[in-house]
Amino acid sequence: QDQYALSSIRSDGRQQELIVQGRSIGSPRWSPQGSHIIFFREEDDAVDLMKVGIDPITGRLASSPIPLLTGLGKNNSSPISLTQDGRNLVYTKDDTYGNLWLWSIESQGRQRASRTLRLTSGTVNRGWPVLSPDGQTLAFAAPEGGSVNLFTLSVSGDETRPRQLTFFRSWDSQIGVPAWSPDGKEIAFVSGEGGVLRVWRIPATGGSPRPFPRSEPSEFRSLIWAPGAQILYQRPRNRNFHFLDPVTEEERPLLADDSAGFIHYPRYAPDGKRLVVWWDRAGEGPSLQVISLTDGAQTTIAPSTSTIDPRPVGWSDDGQWIYVFRRAPGGGEILRFPSAGGAPEPWGTATFGRDAICPSMALDGRRFACMVEEGQTDGWLIEDFDAPPAQTSR
């Protein structure tokens, strides 16, 4: 039921007792006397240190959970260590976040050289950058004020700070991969603002976001738009996509039969008449497939093996090549496949020093938008973390 549970159980496997349950519970630790359990609880992206009373004989709940310390950051999952007298506590806190980079591949005679440019810094988790059709602006999602919102950032040097487009207030507003309209004047995205996942649109210069009320996107929040005329978004169960007409709001499925397997990462060809997708088809395994939007014909480009990351990122402007991003330790590599099928050829490599994902590219196949994972780990000591409240005299 999408809940974590903390239970006690005898060492012989008998007498299991439910203690507490919640959205996220981690790192339980007995007090030295065996009368309490200390654990982390995460609610609304904030972590609290909790204590719950336990009957040391039966293992049953003896007193309700109470918070000892609140606001300990987020994503605490490290083991808790207590001193023998039970007064002091040690734990580690991991902060993971992402920053945006631009990867350019430049020709030098017959050779190609890669150049990387860091676009953002800090400890905000900026993710899923997508380049505009003219290649001058990034759209991406980032947390702001307790929710996730949509931002844009110029990569041409015109603006040095991100511009916030949406101002949602609920954590359910978490935004997935944004998608630019073909003319670059609008951005589509998926959000749970209001409690229900919908496809939304907003002017690229800012304004009032508007949902498509009949849309039903998947939890992956995956969609694309340019260079196609229609928004293409992933449906629940991840087995199909729907075309969404941004003018009439009418929808139709990409696949007539969605029982074949799981389908991800579609990318329109420049003429909007073909798609490349990663498709894990039942009985066949994953592969890169080109789907004709004219007659529905499907062509296998390459099986997805350990040497090919299953993430197509775009097409060449003449439609002859399909570009695929492959992860590598501390960086990544771009391969390109003939769109009619055949062996791939290397296109470029980049080193970021950290794990990276490059989900989009400019139409010239020379610039790629990347998010690079960063992080740090700190050790924390809390003294007298469970000290009794001070007594006041009357």
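Me: Taking buried as under 20% relative accessible area, exposed as over 50% and partly exposed as in between (1.4 Å probe, protein chains only), is His-242 buried or exposed?
Reply: His-242 counts as buried, because its relative accessibility is 15%. Please keep in mind that this is a predicted model, in which local features need pLDDT of at least 70 and side-chain atom pairs count only at pLDDT 80 or more, whereas totals for chains, interfaces and linings use all residues. Residues are numbered from 1 along each chain as its sequence is written, and side-chain values use heavy atoms, with hydrogens and water left out.

Me: Ok, which strand does His-242 lie in?
Reply: His-242 belongs to strand β20, residues 241-244. Strands (E, at least two residues) and helices (H or I, at least four residues) are DSSP runs, numbered from the N terminus.

Me: And what does the His-242 side chain make a polar contact with?
Reply: Its partner is the side chain of Glu-251, at 2.8 Å. A polar contact is a pair of N or O atoms within 3.5 Å; within protein, one must be able to donate a hydrogen and the other to accept it, and residues adjacent in sequence count only if both atoms are side-chain atoms. Leaving aside residues up to four places away in sequence, His-242 also touches a set of residues that includes Ile-231, Leu-232, Tyr-233 and Pro-253, where contact means heavy atoms within 4.5 Å.

Me: What sort of sheet is β20 part of?
Reply: Strand β20 is in an open sheet of four strands, ordered β18-β19-β20-β21, with antiparallel pairing. The edges are β18 (223-224) and β21 (251-253), each with a single partner strand, so one side of each has no neighbour in the sheet. Two strands pair if DSSP finds at least two bridges between them, and β20 and β21, which run antiparallel, are joined by three.

Me: Which residue stands opposite Phe-243 in β21?
Reply: That residue is Arg-252. The charged end of Arg-252 also sits over the ring of Phe-243, 4.3 Å from the ring centre; the criterion is that NZ of Lys or CZ of Arg is within 6 Å of the ring centre and within 35 degrees of the ring normal.

Me: Where else does a charged end sit over a ring?
Reply: The charged end of Arg-210 sits over the ring of Phe-212, 5.5 Å from its centre. Arg-210 is in β17, where it is the bridge partner of Arg-201. Strand β17 pairs with β16 (residues 198-203) in the antiparallel sense, over three bridges.

Me: What is the strand order in the sheet with β16 and β17?
Reply: The order is β14-β15-β16-β17, an open sheet of four strands with antiparallel pairing. Its edge strands are β14 (179-180) and β17 (210-212), each of which pairs on one side only.

Me: Switching to aromatics, how many pairs are there?
Reply: The structure holds 11 aromatic pairs. One of them is Trp-101 with Phe-352, an edge-to-face pair with 5.5 Å centre to centre and 80 degrees between the planes. Trp-101 lies in strand β8 (residues 89-108) and Phe-352 in the loop between β29 (345-351) and β30 (356-361), so the pair ties together parts that are 251 residues apart in sequence. Another pair, Phe-189 with Trp-200, is stacked, at 6.3 Å centre to centre and 15 degrees between the planes. Because Phe-189 is in strand β15 (residues 186-191) and Trp-200 in strand β16, this pair links parts that are 11 residues apart in sequence.

Me: What are the cut-offs for those pairs?
Reply: Rings of Phe, Tyr and Trp (its six-membered ring) pair if their centres lie within 6.5 Å; planes under 30 degrees apart count as stacked, over 60 as edge-to-face and the rest as tilted.

Me: Are those residues buried or exposed?
Reply: Trp-101 and Phe-352 are both buried, and so are both Phe-189 and Trp-200. Ring pairs also link Trp-101 and Phe-352 into a cluster with Trp-103, Tyr-323, Trp-347 and Phe-368.

Me: Which cysteines does the disulfide join?
Reply: The structure holds one disulfide, and it joins Cys-358 to Cys-370, with S to S at 2.1 Å; the cut-off is a pair of cysteine sulfur atoms within 2.5 Å. The link of Cys-358 and Cys-370 is right-handed, with 100 degrees about the S-S bond. Cys-358 lies in strand β30 and Cys-370 in strand β31 (residues 367-382), so the pair ties together parts that are 12 residues apart in sequence. Cys-358 is buried, with a relative accessible area of 0%, and Cys-370 counts as buried at 0% relative accessibility.

Me: Last one, how many helices and strands are in the chain?
Reply: The protein chain has zero helices and 31 strands, and buried residues make up 46% of its 394 residues.
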